[in-house]
Amino acid sequence: MPNRTSRMVEIIFSGKDRLSREIRAVEGKLNDVSEGASDLASQLLLLEGALLAVGTAFAVSAFNKASQFESALVDLNKVLSDSEKTHLPALEQEVVGLSEIYGQSAASILGSTANFKQAGYSVLDASNLTKTAMDLVIAGDVEATEASEMLVASLKGFGAPATEAGRLLDILNAVSNQYATSVVELGRGMAGISPVAKTMGFSMEETA
């Protein structure tokens, strides 16, 4: 299923294609004035309609994205301490940057950060874990929410600090490349079995 970013791209390019067709049609009429003023007026009306349709699509999409982002900000703000709230403006900028890099909505990335914060991590650790979660989103083709849940469950299960998240993802990637399994299947398995594996004395590598 296409994500919101790909949908936005689709809207943009379909809008541009339609607009280009109408413009070319009007240019043809301008080059052949013998076709008559009424024909030209009709073409200009079509052009106006195309512009209105594209503008409406942009407005609706932008409003929806802004609403989702604002809602995610409110949710994140609820789990931040007073001292951590001073980091919120910088965190917003970082999330927007990650959204552009990974092609995920800023709202879903903020939701991932909130999940890590609720799991007991500091705002700095939550920010770093969010970046690793985005790598897992790409490697495992999963939603940001599931990626953050898998990382939390695995790290907590092994009693590992947030700094081990990158190592965990490297392990999942390495094993999936050697065997007939996927990163997401391994991630789900690790998340579920990690507490038992730790009790039995297995490392992340041995468990994978």
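Residues are numbered from 1 along each chain as its sequence is written, and side-chain values use heavy atoms, with hydrogens and water left out. Because the model is predicted, local features need pLDDT of at least 70 and side-chain atom pairs count only at pLDDT 80 or more, whereas totals for chains, interfaces and linings use all residues.

A search of the whole structure gives 3 salt bridges, a salt bridge being a side-chain nitrogen of Lys or Arg within 4 Å of a carboxyl oxygen of Asp or Glu. One of them joins the side chains of Glu 146 and Arg 188, with an N to O distance of 2.6 Å. This pair links distant parts of the chain, since Glu 146 lies in helix H6 (residues 144-158) and Arg 188 in helix H8 (residues 183-199), 42 residues apart. Helices are DSSP runs (H or I, at least four residues), numbered from the N terminus. Glu 146 is partly exposed at 24% relative accessibility, and Arg 188 is likewise partly exposed, at 45%. Here, buried means under 20% relative accessible area, exposed over 50%, and partly exposed in between (1.4 Å probe, protein chains only).

Arg 167 takes part in a salt bridge with Glu 164, in which the closest N and O atoms are 2.3 Å apart. Arg 167 also forms a salt bridge with Glu 205, at 2.8 Å between the closest N and O atoms. The latter pair links distant parts of the chain: Arg 167 belongs to helix H7 (residues 165-178) and Glu 205 to helix H9 (residues 204-207), 38 residues apart. Through shared partners, Glu 164, Arg 167 and Glu 205 are joined into one network. Arg 167 counts as partly exposed because its relative accessibility is 30%, and Glu 205 is partly exposed at 40%.

The largest nonpolar core has 43 residues, and Phe 116 and Met 204 have the most contacts inside it. Such a core is a set of buried Ala, Val, Leu, Ile, Met, Phe, Trp, Tyr and Cys residues joined through side-chain atoms within 4.5 Å. Elements giving two or more residues to this core include helix H2 (37-78), helix H3 (88-102) and helix H4 (106-118). Contact means heavy atoms within 4.5 Å.

Thr 132 is located in helix H5 (residues 123-140). Thr 132 is buried because its relative accessible area is 13%. Beyond its neighbours within four places in sequence, Thr 132 contacts Leu 151, Ala 165, Gly 166 and Leu 169.
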